[in-house]
Amino acid sequence: MQNSNEPSFALNPDARWHVLKIGHEHTRVILVDNLFNNVSDVRRLAAQQTFTQEETTYYPGVRACCPDVLRDAMLSASANMIIQAYGLPQDTRFSDQGSWFSLAATPEKALHPLQCLPHFDSQRPTDFAVMLYANNQSFSGTGFYRHLPTGFENITQSRWPAFEQARKDRAHRMTKRPQGYFNQSTAEYQRLGTIDYKPNRMVVYPGTLLHSGLIDPNKDLSESSETGRLTVNVFVSAEAKVG
């Protein structure tokens, strides 16, 4: 039961969504602007949470668990969009695979090598990332990439061995990859497109799609939910209805 003091996160009836097609693989990315009637409710909820250093994933910063009320609102807003955009059965159900408030905060010198490269969230095409940009300040957005040695833009289970081998071969040929946030194109990864950080903007993409936060260490790093690059990250898995 929802606490009477919790915000309802009413969806904006005037919000409009459209689908972008990224790269040679034409991967669909959903973009929604002005998702909630009042995105300041998201910021107030974030301010009530306790953020801690992320230790279970490679997210470069601090995180706090996303309360169910906000997670459910984002799932409710995105479920039918995902079904339509990705051609899933109408009776598809979505299970929560993890939901957080996130703040990029790790200094470049402290990054793990894998945090200095584009990444993917899942090898399952039926897993999706649902992300909301929440703060008003000017921050860097998100970039999507192609791995040039393989040509892959999505890393699935069948592609993983070739992708990982190519990545290891590249690492062996290089003395050292640059230490820092990845925010451009290189001889190894080509940036296909970007989504700008805009408050109350929701972005949905398959977990298999190579991507990276375009973190500017000069302005984006902060552990403050009021002044930092605050995002809400909800990871879901699409499942066929049983019975």
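**Exercise 1. Overall fold**

Task: Which share of the contacts between residues at least 6 apart in sequence joins residues at least 24 apart?

Solution: In the protein chain, 82% of those contacts join residues at least 24 apart. Contact means heavy atoms within 4.5 Å. The model is predicted: local features need pLDDT of at least 70, side-chain atom pairs count only at pLDDT 80 or more, and totals for chains, interfaces and linings use all residues. Residues are numbered from 1 along each chain as its sequence is written, and side-chain values use heavy atoms, with hydrogens and water left out.

Next, take the dimensions. Along the principal axes, the C-alpha atoms fill a box of roughly 60 × 45 × 30 Å. A compact globule of 243 residues would have a radius of gyration near 18 Å, and the protein chain agrees, with 18 Å. That radius is taken over C-alpha atoms; the globule rule is 2.2 Å times the number of residues to the power 0.38.

Then take burial. Buried residues make up 51% of the 243 residues. Buried means under 20% relative accessible area, exposed over 50%, partly exposed in between (1.4 Å probe, protein chains only).

**Exercise 2. Elements and the first hairpin**

Task: List the elements from the N terminus on, then describe how β1 joins β2.

Solution: The chain has three helices and 11 strands. Both are DSSP runs, numbered from the N terminus: helices are H or I with at least four residues, strands E with at least two. Their order is β-β-α-β-β-α-β-β-β-α-β-β-β-β.

Strand β1 (residues 16–22) runs antiparallel to β2, joined by seven bridges. Two strands pair if DSSP finds at least two bridges between them. I22 stands opposite T27 in β2. Four residues separate the strands of this hairpin, and G23 in the turn has a positive phi of about 70°.

Now follow β2 onward. Three bridges join β2 to strand β9 (residues 201–206), again antiparallel. V32 has M202 of β9 as its bridge partner. Six of the seven residues of β2 (residues 27–33) are buried, so the rest of the structure largely encloses this strand.

**Exercise 3. Helix α3**

Task: Which residues of α3 are buried, and where do they lie around the axis?

Solution: α3 (residues 160–173) has 14 residues. F163, E164, A166 and R167 are buried. Seen down the axis, the buried residues fall within an arc of 160°, so they line one face of α3. The arc is that of the directions from the helix axis to the C-beta atoms. On the other side, P161, H172 and R173 are exposed. The cover over the buried residues of α3 includes β7 and β8.

**Exercise 4. L117**

Task: Is L117 buried or exposed, and what does it contact beyond four places in sequence?

Solution: L117 sits in the loop between β5 (93–104) and β6 (127–133). Its relative accessibility is 5%, so L117 counts as buried. Beyond neighbours within four places in sequence, L117 contacts R167, R177, F182, E188 and Y189. L117 and K168 are 51 residues apart in sequence and 13 Å apart in space, C-alpha to C-alpha.

Notes. The expected span of a helix is 1.5 Å times one less than its number of residues.
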